[in-house]
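Please read each point alongside the model.

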Amino acid sequence: MKKFTLTVVALLASVGGFAQSTLWNGEDRELGTQGGFWGDGSPVVVENPEKDGVNSSDKCIKFVMTNDSKIVKLPFREWMNPSMSGSKRVSLMIRKSSAENVQIELSDPTDGTAGYWHKVATWYGDAGKWQKLVFDFSTNGDFDNPGIMTVTAQTGDVDGEQEVFIDNIAIEDAPKVGDVLLSGIEDNSLVGNLVLSGNWASGKCINTEGGWNEFAYNDYAILNAKSTDKVTSVDMRGVEAKDVDINQLFKNPNTIVFADQTYMKNETDNHENVVVDGNAENVVLSDGHAFAIPENFSAASIKLTRSVQGGVNSFVLPFYVNADELGATEFATFSKVDGDNVVFAKTTHTDANTPFITVDATETTELSFAGKGFVTTPDVLGSGFLGVYAPQNAEGLYGIDNNGKIHKGGEGSTINTFHAYLQLPGTVNAPALTFDGEVTDIGLTTVGRSDAPVYSLDGCRVADSLKNGKLAKGLYVSGGKKGVVK
């Protein structure tokens with residue numbers, strides 16, 4: 001299946017580019033030919049009675065609702081030719097004294113197609129306060145270019161007379177990944193770094209055409225269906241977001257979400273892997289999944305699940321790290337290939353995205369770090385010794401096992417994220433790991449078992465094992481095999 005890749009570099013221009021199509025706004029429309037309601041409900045433009053809440057605009061529409069007069073009609077076809085442009089939602093701000101269902105009917109298309117009367121209701125529950133209501137028409141079939149909107153402020157009985165205030169009536173911009181409509185993306189096709197745009201929401205509505213059928217809509221769940229486990233970041237900044245279902249963004253548990261606010265998985269704990277204003281509280285990663293980030297950020301706490309052996313381990317990490325943090329006695333980065341020797345230079349630390357090896361690190365299955373700066377993922381991780389930020393087939397690649405032995409991956413072998421492998425020229429016949437030109441003790445495991453005693457050629461026992469022995473230059477025998485220290 002064709003994979004649909006979206007990267008930050010290509011799509012930054014679309015961030016914040018969403019825009020509602022305003023059908024009526026009390027700030028710039030009066031009750032005339034350029035914005036007038038019909039006479040139903042006798043609407044008037046008034047000062048906003050509550051500017052310190054959800055709706056801070058100066059003006060809005062008001063009408064008095066009774067059982068005999070519960071609607072207002074907005075004939076925007078008289079001054080515009082609106083298009084849904086792939087959207088399935090309209091929204092408005094409303095303030096009234098009683099909680100009840102509010103209904104919107106869209107009708108009289110302006111594009112010359114056959115007439116339609118699509119009805120959707122949703123619940124207004126914040127009695128006496130401004131509330132933004134979103135009406136989703138995704139279950140009402142395909143349509144575009146509505147010409148008239150009828151707002152029924154209460155579908156049930158009205159208790160006496162009620163003042164109803166309405167403002168900011170709009171067609172919601174459709175949810176997009178970059179500038180591509182979410183609805184037009186194939187399932188299981190998204191990979192890489194995604195940038196969201198448009199209006200994103202989840203919620204419940206009622207299709208009231210011929211009956212009352214409640215349904216749920218969830219853009220975040222749809223994004224999950226469109227994604228693969230190779231989505232590595234999701235940028236939500238600038239998106240108009242409502243009722244974010246944050247868990248749906250983590251089909252890949254290593255995904256990093258860039259957002260304008262934290263998203264709670266419960267009342268006391270922020271969801272991991274969410275970056276706000278360049279900072280994340282908790283980042284949780286695993287070497288079994290892909291990782292990549294389009295920009296730098298800082299993390300207060302990091303947990304990485306991967307196995308660390310007591311011998312040699314290959315690493316690449318997206319942040320600075322030193323030997324002490326891994327409990328390693330030796331720490332080295334790739335230097336060169338000298339004949340059959342693969343030379344590593346000892347160091348005390350490595351920068352972000354630089355492959356390295358550790359020797360005799362603390363054995364563990366989970367690593368913890370604090371106060372780290374993550375660095376943008378480059379196209380290539382290293383040279384000669386290459387880091388891996390996505391699990392991949394290792395057949396034909398040279399790896400270093402925990403005994404320090406260099407060997408080529410066989411059929412069906414894999415290499416996981418946050419590990420590294422060697423690129424060796426075809427002239428190398430029996431590659432041996434060296435530090436600064438000296439064959440290491442651990443490197444001598446190529447001649448036999450690491451736990452076997454080591455003997456000189458004249459039969460004298462010189463070390464209890466290759467792993468623990470400190471050997472001078474010369475030839476040795478271990479586990480029935482001969483090796484050399486140069």
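**Points on the predicted model**

1. Among contacts (heavy atoms within 4.5 Å) in the protein chain between residues at least 6 apart in sequence, 68% join residues at least 24 apart. The protein chain has three helices and 41 strands; helices (H or I, at least four residues) and strands (E, at least two) are DSSP runs, numbered from the N terminus. Of its 486 residues, 50% count as buried, where buried means under 20% relative accessible area, exposed over 50%, and partly exposed in between (1.4 Å probe, protein chains only).

2. The model is predicted, so local features need pLDDT of at least 70 and side-chain atom pairs count only at pLDDT 80 or more, while totals for chains, interfaces and linings use all residues. Residues are numbered from 1 along each chain as its sequence is written, and side-chain values use heavy atoms, with hydrogens and water left out.

3. A nonpolar core is taken as a set of buried Ala, Val, Leu, Ile, Met, Phe, Trp, Tyr and Cys residues joined through side-chain atoms within 4.5 Å. The largest such core has 38 residues, of which L74, V90, I104, F135, M149, I166 and I169 touch the most other members. Strand β11 (residues 162-171) supplies the largest share of this core, four residues. Apart from it lies another core, of 30 residues, including I256, F297, F331 and L367.

4. Which residues does F135 contact, leaving aside its neighbours within four places in sequence? They are K88, R89, V90, L92, V102, Q103, I104, V120, A121, T122 and C205.

5. Helix α2 (residues 219-226) has D219, Y220, L223, N224 and K226 buried. Seen down the axis of α2, these buried residues fall within an arc of 165° (taken from the directions from the helix axis to the C-beta atoms), so they line one face of the helix. The N-terminal end of α2 is capped by N218, with a side-chain oxygen 2.9 Å from the backbone nitrogen of Y220.

6. Phi of N145 is near 55°, a positive value in a residue other than glycine. N145 lies in the loop between β9 (131-136) and β10 (148-152) and is buried, with a relative accessible area of 10%. Phi of N188 is likewise near 55° and positive. N188 sits in the loop between β13 (180-181) and β14 (190-197), and at 38% relative accessibility N188 counts as partly exposed.

7. On a 1 Å grid over the protein atoms alone, a cavity is a set of points where a 1.4 Å probe fits but cannot get out, and a pocket is an open set with protein on both sides within 12 Å along at least five of seven lines; lining residues have an atom within 4 Å of a point. Grid points are joined across faces, edges and corners, and a volume is the space filled by probe spheres set on the points.

8. The second largest pocket has a volume of about 470 Å³. Of the 23 residues that line this pocket, S314, I400, T414, I415 and H419 are the closest to its centre. Elements giving two or more residues to its lining are β22 (297-308), β23 (312-315), β32 (398-400), β34 (414-415) and β35 (419-422).

9. There is one cavity of 30 Å³ or more. The largest cavity has a volume of about 40 Å³ and is lined by L223, N224, S227, V231, V234, Q248, L249 and K251. Both α2 and β17 (227-235) give two or more residues to this lining, and β17 gives the most, with three residues.

Notes: Polar contact = N/O pair within 3.5 Å; in protein donor to acceptor, adjacent residues only side chain to side chain.
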